[in-house]
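Hello,

Here is the structure we talked about passing on. My notes on the strands and on a couple of residues follow below it.

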Amino acid sequence: MTLRESAFRRRGLVVVAALALALAGCGSTDDGPSAGPSAPKASPSASAPPKAADGTDLKACADGQCEVQVNASADLPVPRGFQVASVRVQSVGPDTVTLVGRPLGNRSGGFCTGVKCSSSSAGGKFTLTLGPASTGSQNGLKVTVVAVGGGSAVLRLAPAA
């Protein structure tokens, strides 16, 4: 190999090495997080409740069994056989749901179990305030809070046992 061939090869290697380094530095010019393994993963909001089995279809409650996502002022249809004339979501807080309603007839009885739970009945109305995983009952209606947060709640309605 001549001196000239050797110099040509060295220059070729230098060009190839420089090109490899330049290509390694290519990529997005975005200054945001990289898509590599250390990039933070997008996650759903911790305050948003999970999806309800019946979604936001409040009519699914008309038969007395449903799991729906509700916001404040939602009217929940329930069978008259539960001895409850109406149920309305009065408010949804960061960790409580308050329901108000009217019992049918002279009979009015309720209870609740769980966190941040209260039940009251007066003046022909009842109020249930329920926290996460709490269950309340009024006459023949049972309401369980599946999740609450993000301005909405997932409620499960069923016949009281």
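**What turned up**

Strand β9 (residues 141-149) is mostly covered, with 7 of its 9 residues buried (buried means under 20% relative accessible area, exposed over 50%, partly exposed in between, with a 1.4 Å probe and protein chains only). Strands here, like helices, are DSSP runs numbered from the N terminus (a strand is E with at least two residues, a helix H or I with at least four).

Before you read on, please note that this is a predicted model, in which local features need pLDDT of at least 70 and side-chain atom pairs count only at pLDDT 80 or more, while totals for chains, interfaces and linings use all residues. Residues are numbered from 1 along each chain as its sequence is written, and side-chain values use heavy atoms, with hydrogens and water left out.

**Around β9**

β9 pairs with β8 in the antiparallel sense over 4 bridges (two strands pair if DSSP finds at least two bridges between them). Glutamine 138 has leucine 141 in β9 as its bridge partner. The hairpin of β8 and β9 has 2 residues between the strands, and asparagine 139 takes a positive phi near 50° there.

β9 is also joined to strand β10 (residues 152-159), again antiparallel, by 8 bridges. The hairpin of β9 and β10 has 2 residues between the strands too, and in this one glycine 150 takes a positive phi near 65°.

**Two residues to look at**

Threonine 144 lies in β9, and its bridge partner in β10 is arginine 156. Threonine 144 counts as buried because its relative accessibility is 15%. Leaving out residues up to four places away in sequence, threonine 144 touches Ser134, Thr135, Val154, Leu155 and Arg156 (contact means heavy atoms within 4.5 Å).

Serine 137 sits in strand β8 (residues 135-138) and, at 4% relative accessibility, is buried as well. Its side chain reaches the backbone oxygen of leucine 141 at 3.2 Å. Beyond its neighbours within four places in sequence, serine 137 is in contact with Gly109, Gly110, Phe111, Leu128, Lys142 and Ala160.

**The open sheet**

There is also an open sheet of 5 strands with antiparallel pairing, in the order β2-β3-β4-β7-β6. β2 (75-76) and β6 (118-122) are at its edges with a single partner strand each, so one side of each has no neighbour in the sheet. Within this sheet, strand β3 (residues 84-92) and strand β4 (residues 97-103) run antiparallel and are joined by 7 bridges, and arginine 88 stands opposite valine 100 in β4.

Best wishes

Definitions and conventions. A polar contact is a pair of N or O atoms within 3.5 Å; within protein, one must be able to donate a hydrogen and the other to accept it, and residues adjacent in sequence count only if both atoms are side-chain atoms.
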